[in-house]
Amino acid sequence: MTNPSHLTRRHVWLGLSAVAITGCTTSAEAPPSALKRTPVARDFALMYGPKPNEKFPIPAVNLKRVPNRFLRREVRNRTGEGPNTLIVNTRTYFLHHVQRDGTTMRYGVGLGREGFGWKGRAEVAWKRPWPTWTPPAEMIEREPELEKYSAANGGMKPGLDNPLGARALYIFQDGVDTLYRLHGTPEYWTIGKAVSSGCVRLMNQDIIHLYDNVRSGTKLLVI
């Protein structure tokens, strides 16, 4: 469960942000030869191991529950976008962070279920570690039990059970908050699936890695 945008605002934003995406492919897959070094099981075990030094210690990911293709790795840049751009491919369930050396760092993601998807160009306006989660009024209307986490009640405090996970990147378009987020999730088994309410979710270990390598103002393209 993640915080969706208000339907009206989302419809307006989608209308504003619909763009031609010539120069971008619908798949950013690269052959193994494009990798500087193909990760092995030990690499992944280290990447997705426990993080005991976090404000809320994060347990290791059970890699048996995540398809190997969705584990973080470096691949050749076939996105058609320049360095320091984020591209979310909704067909492949990959997020690419374009590097300056002709590669991208590729992460597996979970996406919005039917009726909550989105696409277009925006930017990362700001980012927060261990964010508070505040469900929008529309979500509370659908799920009244979430009223206790409303803005008036201070939202849901940070923690391992918080739907935004360990980090959140806040997505704006033309200076307006879209209410969409790139964020962590403790539900790593949902990566590669359409389960959220529109936000893009990454495993907590991956959102921490992305957070540490992305600055505010970074451009975002969802295709």
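Here is a short walk through this structure, which is a predicted model.

You'll find Asp206 in helix H4, the stretch covering residues 204–213. Is Asp206 buried or exposed? Its relative accessible area is 0%, so Asp206 counts as buried, given that the cut-off is under 20%. Which side chains does Asp206 meet in there? One is Tyr48, whose side chain makes a polar contact with the side chain of Asp206 at 2.9 Å. Another is Arg72, where the side-chain polar contact with Asp206 comes out at 2.6 Å. If you skip the neighbours within four places in sequence, the residues in contact with Asp206 are Tyr48, Arg72 and Tyr107.

Now for the greasy part. The largest nonpolar core has 37 residues. The members that touch the most other members are Leu86, Leu95, Leu169, Ile171, Val200, Met203 and Leu210. And which element gives the most to this core? That's H4, with 4 residues, the helix in which we found Asp206. Apart from this core lies another one, made of 9 residues, including Trp133, Met139, Ile140 and Leu146.

Leaving out residues up to four places away in sequence, Val200 touches Val88, Leu95, Val109, Gly110, Leu111, Trp118, Arg181, Leu182 and His183.

Val88, from that list, leads us on to the strands. Val88 stands opposite Val222, which is in S11. Strand S11 covers residues 219–222, and S2 is joined to S11 by 4 bridges, with the two running parallel. S11 also pairs with strand S6 (residues 120–129), this time in the antiparallel sense and over 4 bridges. As an example from that pairing, Ala122 has Leu220 in S11 as its bridge partner. While you're looking at strands, here's a handy rule: in a regular strand, side chains alternate between the two faces of the sheet.

Finally, check out two backbone angles. Tyr93 has a phi near 60°, which is a positive value in a residue other than glycine. Where is Tyr93? Tyr93 sits in the loop between strand S2 (85–89) and strand S3 (94–98). Leu179 also has a positive phi, near 70°, and again the residue is something other than glycine. Leu179, though, lies in strand S8, residues 176–185. Its relative accessibility is 18%, so Leu179 counts as buried.

Note on methods:
Residues numbered from 1 in each chain as written. Predicted model: local features only at pLDDT ≥ 70, side-chain atom pairs only at ≥ 80, totals over all residues. Heavy atoms only, no water. Buried < 20%, exposed > 50% of the residue type's maximum accessible area, 1.4 Å probe, protein only. Polar contact = N/O pair within 3.5 Å; in protein donor to acceptor, adjacent residues only side chain to side chain. Contact = heavy atoms within 4.5 Å. Core = buried A, V, L, I, M, F, W, Y, C linked by side-chain atoms within 4.5 Å. Pairing = 2+ DSSP bridges.
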